[in-house]
Amino acid sequence: MHLKYESFVREPLINGNKTYAQVTEDICRPIEQKPTRLWYMGFIFSLLLLGFGAFSVTWEVYWGIGTWGINRTVGWGWDITNFVWWVGIGHAGTLISAILLLFRQGWRTGVNRAAEAMTIFAVMCAGQFPIFHMGRVWNAFYVLPLPNSRGALWPNFNSALLWDVFAISTYFTVSLLFWYSGLVPDFATIRDRAKTKLRKRLYGVASFGWTGTAKNWQRFEALSLVLAGLSTPLVLSVHTIVSFDFATSVIPGWHATIFPPYFVAGAVFSGFAMVNTLLVLVRKIFRLEDYITIGHIEAMNKVIVLTGSIVGVAYLTELFMAWYSQVVYEQQAFKWRVLGPYWWSYWAMMSCNVVSPQFFWFKKLRRNIVFTFILSIVVNIGMWFERFVIIVTSLYRDYLPSSWTYYSPTWTEMGFYIGTFGLFFTCFFLFAKYFPVVAIAEIKFTLKTSGDNYKREMQALDEKTVEEFIHVAEHAH
Amino acid sequence: MSQKQYWKGLEELEQTPEHQQIIENEFQNDLPVLGLSDKLLDATTPRRDFLKFLGFSTLAATVAASCEMPVRKAIPYAIRPDAELLTPSVPNYYASTFVDNGESVSVIVKTRDGRPIMIEPNTLSTVTKGGINARVIAATLSLYDKARLRQPYVSGKSVDTFEKVDTPIAQALSSGGAHYLVTGSIVSPTTKDVINRFLAKYPGAKHIQYDPVSYSGMLLANEMSYGKRALPGYHFDKVQTVFSIGADFLGSWLSAVEYSAAFTTTRKVLGKDAKNAVMSKHYQVEGMMSLTGANADERATCKPSEYGKVAAALYRAITGGAAVSTGSANVDKLVKAAAADLKKGNGLVVCGSNDVNVQVIVNAINSAIGANGTTIDWSATTNAKQGIDGDMVSFVNALDAGQVGTVLFHGVNPAYDYFDSEKFKKALPKAKASVSFNDRMDETTQLCTYAVPDHHWLESWGDAEPRVGYYSFIQPTIAPLFKTRAFQDSLLKWSGASEAYHDIYNQFWVSKLGGQANFDKALQDGVAEPATPAIGGASFSGNVEDAIAKASAKKGGKYEVIVYESLGLGYGGAWSNNPWLQEMPDPVTKATWDNFVCMSPKTAKEQFDAELTGINQVVREKRIVKVKVGNKEVALPIVVVPGMHNDVIAVAVGYGRDIKVGRASVNGKNTYPLVTFNGQTFDYANEAAIEKTSDLYPIAITQTHHSYEDRPILREYTLASFKENPRELIEERKKELEHYTHLHWEGHHPEDPNGDLDEKAFEKNGTMYPVHEKPGIKWGMSIDLNTCTGCAACVVACQAENNISVVGKHEVLKSQEMSWLRIDRYFSGNPADPDSIQAVFQPVMCQHCDNAPCENVCPVSATNHSSEGLNQMAYNRCIGTKYCANNCPYKVRRFNWFDFNGADSFADNLYEDGQRDDINDDLTRMVLNPDVTVRSRGVMEKCSFCVQRLQDAKLVAKKEGHPMKDGAAKTACQVACASNCITFGNVNDKESEIYKVRYEDNKERVFYMLEQLHVLPNVNYLSKIRNTNAIVAGGETDEMYKQHI
């Protein structure tokens, strides 16, 4: 007998009496049924948001960046705030699928698929901002190191913005590959179950002719491991490089060596919050409570309280460093950040990001679905404010008081942001309808170890004496 | 011949069936795809077609993307024009004279391909001494103003020939009646001649000179005091002490261009000779915060009704009478100190009041301190203002009484700027006929029967005599753009003269200057001046006691309102429709596009619920108040200005124009109705009632924070402390950078004989990167904060030279303005105490850092460094990420938020707010400088150190075969600066002026803004030296800093 044993102290990762067949049935059900009315409503609403975003962006590209509220002093506003925010959200997916895979965290299987999808969609949303914040977006390809007829004209490899281009595109590519390679066996499952010709054909193409042979599985495992290895440094590098946009500058409030770890922690923080937001909804709508259990939610809430505390320490460190530096520009920048006209954004950030996650020290609250859902949204609001605080409240009052100014967004900027929600949810609704939102194959790996029914069986085994156990084990073949 | 058979192996020799099969098959090893190839090649889009499809779709996308661009036609010269007159793309320079309502400034006009594009001062003039102001520079834009009349009009309808106006006007004139010719002050001798011919032709006709902002109080006072109805020439360059009572002599008072150029020569301080530094002392007592007050060494405030008392107190203090109190301890203190200084000689007292009695007292003081003949010149008197208010009032009365035959208006607009314009407007139709020579359908022209537009001065022949005996000539720099006719020609025509004005003009000057050759030389120079100037005196014979009694009896009100001329728009006129001036931030308030009520912070806060920008306030909406003088009322928003007397408010004229004056001119309100007539002269300061309203109105202000927060971005010292320790600044800098200049860990203490800051060591040690040698040219600029008055002439010069877009009020409200050069104005002191306020002006443009933070962040290297130290922009490469602007510590980078001037890739998306400017009109476009790229939407831009001028200077030197000489390359701001506070040149040239300023003559005063960042700027500043007892900024009394306002 291939003995899989997991301590009873650990709660099961899959609830109910599940067999492999049942798992497949549960997860494929939403794909094979007609979408619900709720799905249609949500999908159409998302499309409307996307449409409004497209309109706002078209307006901005046609008339100019002047339709935004940014100005001579505050050159980046909602655009880059949203960019950093979306990129940050993307981090949870990669962290779950790559780092937790390497650490062999079984609980990741319930949530990794949705989290990875979220990563990809979030990075897609994030990418819109640096592209459309350009004054001449039609020349955006200048940032690519393409051979050209302009002589030895290359992009400026000193610019952190250029590093972003490479970091984000690499990240997106690797995440997409990772996500899709995981989907291949599941697509094959759907293909094999398909009752319509079209579905068979489409999933057949999508599954790249997966046959489920041992060689298939062996290569699949190898690829997963390689991609996990590739993604792991990316989790750290992407937001590190995003933070370089600020850290390599000369602006007080930006020019800080603490930024890379602080940004990565913040990214994981907001990413997990977003995963929670989505999964609380998904498990409810698609009745996947057995696969995405309270235990999963709690595990993520633990990450949230950890990373939330890390960013809290970072905020306090920034204040300490400003004081300790004895540099007047640095000190005043933080003073204006905390007490200036934008005081509300700083305190919104502080209360959402540092104070509110502390509630998760209480187990009761960690395992409370409604509370988790509310807090996950609060955290994401807080993280949005963090980016706003870093970007806008560093710029608006920097070195020369003559140039100090104020910034408020216009409808085009807000429309752009709303539009990316449209893009995100449009993608997510399509994903939830047509893709298995829980990794079927991967969850089956853990089923016999961590499934509720199997654990119960194991309990019976566990109660036997050693001799009896050996007897059972020997005759199990 | 036997054919030898060669075979490659036994298979071939034996020709086995297997071998046969193999050689039939071209590829002996199966291609890996061969297994699939049947299907692949039979597919509807096989692999080989892929490239076709790719090619097609790329081509299709290219065609689809190549949207049609608007075609702009340029017509080349088919026949080369006379090379002496015009070489395409090579500029010609003509000496000419700016004239506007009595104001005249000798200038050089730069023309390109036959169009004037830039106006620079004529340094040969000893009157203006290379001075110029913002309005003079902005005149090119007024030349190409779309609102100018393009032909004559009769009763509001255009006519195509001058006959159609000449005939009826000649008829009207000959039909009798008392004719009036109403003009501004005429400074042209030949025009006066023509006017006299006209008056001779129609006996009984009268010539009225009318100045909307008049100096008739001074003219009349001088008549009473010296028997001369004239304004003297003032020699501010000879002044040791100046005491100004409400006279804005650096901004708008009388001939301010002349005075600011002269006065700032007394403000130069050399660090090299600090121990013996001499600097004039400037006292200012005034009601409002004027530009001159902002530059004063000692300043105190009083109500304008108390100007007489102040003058009397000063008179008593000087003549040794019983001390008189003005009611303000600060003013008394100032008067006492000033009296002592003025008696030392070379003193001068000037006063902005239009009250005859006050001016008589001022004359008495000047006489008592011996100013006449030393700082006041009575031989070469000033012609700038000649209007007598009473004449104008009696003219309007005559008009109202129906006693006027034909009335002709030239350069005046009483329907807008007369104090009782309503009366004028009602009375004007009572004249039998009315003619306007004005250049646009302004408020008066609309009411006139005939409009016979005059040429713009850039299209005219003419002359000016700003000071008696000092002549300056006008020559046309472009053929008249429209069907206009010289005012003088019209008068001559109607006088029945057969000569044209140009003939008279030519004859006059040829005979006066003694020959055509002399006249040609004078035209070329632009000026003709007496060879041996002498300052003439005069003896005072007025009744000062009577004046003191009358002036002291003047009653004031709880609140008083001052009506003033703003630096941009002046008295109004055509300037109201000049977008460059509308968008030029007012030097003191930094407001654009509007007029408003200037009010002290204390009064605004306590009485009218309005605040200075405080710690948590960034409010653009300003509270509107109603200002009432007599039965006239004007409602305007409050702009809080530190330094205003707590009971005094001030409003600018020139705003709130009729839409026909031009679409840029309609903002704000007309404030001329707040002027009153006291029976003798116009009063520009009156008792006022102020009523709070609940309405708000947005004002576009470019600077909302007023304190420089005691940051070392500015350095101020008192003259005494500077003389005592001139090296204080060097020591401060050395201490700040010590870590990098003296590397303690290496035990490196370079021996420096002067003990100066080792800039090279800082450059090298402040970075971990290698330091490049900088051979050849290295451009550098030095700005003297001591002589900068903040007048903003450089701001407009920069705009004109570099085709900088006007963005409009709406965009300024969003802080999206685009000026490359701005003047930062900081206040220090207690906002509640106007007498404690000190102001400082700091022009800021791109600092051209050698280690520029903008350069390394640009992802596409669109901004980079030239080998000459310029931080340059490749507009075509810029994709507009704005990262550079964020990372600029000086915030000097400007982004093209919209398509302001039709240079964009998209058609039909021009930005228009309905009043911005007409730069997309073919006429207005003529003002663009062809040497400077017009930037498209979405790219970053900024000061280039006028790189087009630098290149030109280098090319000229190269063609002439010698190294470029110092001073050959001058930036537009440098040329425009009346006070010569900008020095520019090649720092590597040890003979250059910039080198001397920086490293020899004035090194004690040199500092770089944000030097500690190691961005290595190429612009340095010279510290501000105040001739006063204490620097307020950052001190105990600097409430502005403590409250972070």
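## Contact between the chains

Two residues are taken to be in contact if their C-beta atoms, placed from the backbone, lie within 7 Å. In this predicted model, 44 residues of chain A are in contact with 51 residues of chain B.

On the side of chain A that touches chain B, the elements giving two or more residues are helix H2 (37–63), helix H5 (160–193) and helix H10 (328–339) of chain A. Of these, H5(A) gives the most, with three residues. By residue class, the side of chain A that touches chain B divides into 23 nonpolar, 18 polar and three charged residues.

## Fold and dimensions of chain A

Chain A holds 17 helices and zero strands, and its C-alpha trace spans about 85 × 50 × 45 Å along its principal axes. Because a compact globule of 477 residues would have a radius of gyration near 23 Å, the 24 Å of chain A agrees with that expectation.

Among the 477 residues of chain A, 50% count as buried. When the contacts in chain A with a separation of 6 or more are considered, 83% of them are accounted for by residues 24 or more positions apart.

## Confidence of the prediction

The model as a whole scores ipTM 0.91 and pTM 0.89. For chain B, the mean pLDDT is 89, and 94% of the residues in that chain reach 70 or more.

Notes: Residues numbered from 1 in each chain as written. Chains lettered and ligands numbered in written order. Predicted model: local features only at pLDDT ≥ 70, side-chain atom pairs only at ≥ 80, totals over all residues. pLDDT = per-residue confidence, 0-100. Helix = DSSP H or I, 4+ residues; strand = E, 2+ residues; numbered from the N terminus. Nonpolar A, V, L, I, M, F, W, Y, C, P; charged D, E, K, R; others polar. Rg over C-alpha atoms; globule rule 2.2 N^0.38 Å. Buried ≥ 20, exposed ≤ 12 C-beta atoms within 10 Å, placed from the backbone.
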